[in-house]
Amino acid sequence: MEIHAWGLSEVGVTRTHNEDYFEIDPRRHLYLVADGMGGHSHGEVASRTAVQAVREYVEDRLPQADLSEDHLQSTLLRTAVHSAHEKVLCAIRQDGALSGMGTTLVALLMRGQTVAIAHVGDSRAYRLRNGHLDLLTEDHTWVHEQVLAGFLSEEQARVHPLKNVVTRALGSDGDIKVDVLETEIVPGDRYLLCSDGLTTMLRDDEIGRTLKSGESLEESCRGLVQAAKARGGFDDCTVVVVEADTDAS
Ligand code: CA
């Protein structure tokens, strides 16, 4: 299977700097999006610290990993995200001015026919398969808890004034609970990782349409960010699109 990816991040119109951060590691097929929070420019520090920590962890451990181990990718990603949480906490301990910073994180690791996705917070992973878009992650937000309890609809949650309140973030006090899923890749699958700067501006059906319409991954990314901007684009907006293709050789 051939894997291709593209990513794009743009600062929100009401922001002075971009607190989102993403990385694409084509060698290890590791893809990451983080959305930082905190005063001054500390959100940027949190998102970059977390992404780099996961990348370094996977880089270090993957070559030594027992590739026959069941659920290797999800185990690796889970521990990598825990280590990123520790790194963010460590940065706060070393510099009191960073106190209160935190970040969401969504990480996708592909190997063979399997994809693992780990996340904390409200950055999301979607999968486009046979023209159908599925949301693969559940937001760790107060509004999503209200949806699950039946107090808000998905659409009310998307535009709610408290939509930004996350219930889990890397860098928050104590242990962190990481959600991880592992599933089979079907050739032709397109995976989207994104920050809430996209999903608070666009509904899922709009995201699906734009993701499908791009002839290239770059076009899909540009289309998504442009569509969020056209709706106001208040928040930083980051998208990473990964496509698993049938091997051309
Ligand atoms: Ca955001």
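Contact, for these notes, means heavy atoms within 4.5 Å. I'm working on a predicted model, where local features need pLDDT of at least 70, side-chain atom pairs count only at pLDDT 80 or more, and totals for chains, interfaces and linings use all residues. Numbering starts from 1 along each chain as its sequence is written, and side-chain values use heavy atoms, with hydrogens and water left out.

**Sheet.** I looked up the strand order and got β1-β11-β10-β7-β8, an open sheet of five strands with antiparallel pairing. Strands (E, at least two residues) and helices (H or I, at least four) are DSSP runs numbered from the N terminus; two strands pair if DSSP finds at least two bridges between them. At the edges sit β1 (2–10) and β8 (132–135), each pairing on one side only. I noted a twist averaging 20° from one strand to the next. Axes here are lines fitted to C-alpha atoms, for helices over the stretch in contact, and angles run from 0 to 180 degrees between N-to-C directions.

**β1 and β11.** Nine bridges join β1 to β11 (residues 237–245), antiparallel. I picked out serine 9, whose bridge partner in β11 is threonine 238.

**Helices on the sheet.** I found α7 (residues 217–230) packed on the sheet, touching β1, β10 and β11, with its direction at about 25° to that of β1. Helix α6 (residues 204–213) lies across β7 (124–129), β8, β10 (190–194) and β11, at about 55° to β7.

**Valine 45.** I located valine 45 in helix α1 (residues 42–61). Leaving out residues up to four places away in sequence, valine 45 touches Leu98 and Met101.
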